[in-house]
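User: Please walk me through this model, one question at a time.

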Amino acid sequence: QSQLVEYGGGLVQAGGSLRLSCVASGVKLDYYAIGWFRQAPGKEREGVSCLSSSGGSTKYADSVKGRFSTCRDKAKNTVYLEMNNLKPEETAIYYCAAARYSYSNDTLLEATGYGHWGQGNQVTVSS
């Protein structure tokens, strides 16, 4: 059974940093691209980043380029999202998700391409 669980959310001041973790079980990272998404109240879910199943490619939303980075630890079957210089408008529930692209450099930020989702983790950025 596939499961993704996010950790690391919380409250941070504007300009601060947080690292989110996505622990995967039943989802081998070699077979799946892992994306991070966020959804603020009243807004649509937005793709933030993607790490390819090869681990060699990443893709970021324009709004987070230069501030967010994603990487993985295959030994822990965990993907991370490092978020720096956070802004109040980035307050949202953050989700990790998995899309089947075995041993591939493909990346995508469209939610419809993902078949497995975590439960979400709240990130609140205070001004």
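**Core, sheet and loops**

Analyst: Tyr94 makes contact (heavy atoms within 4.5 Å) with Glu6, Leu20, Phe37, Arg38, Phe68, Leu81, Met83, Gly120, Asn121 and Val123, leaving out residues up to four places away in sequence. This is a predicted model: local features need pLDDT of at least 70, side-chain atom pairs count only at pLDDT 80 or more, and totals for chains, interfaces and linings use all residues. Residues are numbered from 1 along each chain as its sequence is written, and side-chain values use heavy atoms, with hydrogens and water left out.

User: Which residues touch the most other members of the largest nonpolar core?

Analyst: A nonpolar core is a set of buried Ala, Val, Leu, Ile, Met, Phe, Trp, Tyr and Cys residues joined through side-chain atoms within 4.5 Å. Buried means under 20% relative accessible area, exposed over 50%, partly exposed in between (1.4 Å probe, protein chains only). The largest core holds 28 residues, and those touching the most other members are Trp36, Phe68, Leu81, Met83 and Tyr94.

User: Which strands each supply at least two residues of this core?

Analyst: Strands (E, at least two residues) are DSSP runs, numbered from the N terminus. The suppliers are E3, E4 (32-39), E5, E8, E9 and E11 (121-126).

User: Which strands stand at the edges of the open sheet?

Analyst: The sheet has 4 strands in the order E1-E3-E8-E7, with antiparallel pairing. Two strands pair if DSSP finds at least two bridges between them. One side of each edge strand is left without a neighbour in the sheet, because each has a single partner strand: these are E1 (3-7) and E7.

User: Which residue in E8 stands opposite Cys22?

Analyst: Strand E3 covers residues 18-25 and runs antiparallel to E8, with 6 bridges joining them. Opposite Cys22 stands Val79.

User: Is Ser57 buried or exposed?

Analyst: Ser57 sits in the loop between strand E5 (46-51) and strand E6 (58-60). Leaving aside neighbours within four places in sequence, Ser57 is in contact with Cys50, Leu51, Ser52, Asn105 and Thr107. Its relative accessible area is 19%, so Ser57 is buried.

User: Which backbone oxygen does the side chain of Ser57 reach?

Analyst: Asn105 is among the contacts of Ser57. At 3.4 Å, the side chain of Ser57 reaches the backbone oxygen of Asn105.

User: What is the relative accessible area of Asn85?

Analyst: Asn85 lies in the loop between E8 and strand E9 (92-100). Asn85 is not a glycine, yet has a positive phi of about 50°. Asn85 is partly exposed because its relative accessible area is 42%.

Key:
Polar contact = N/O pair within 3.5 Å; in protein donor to acceptor, adjacent residues only side chain to side chain.
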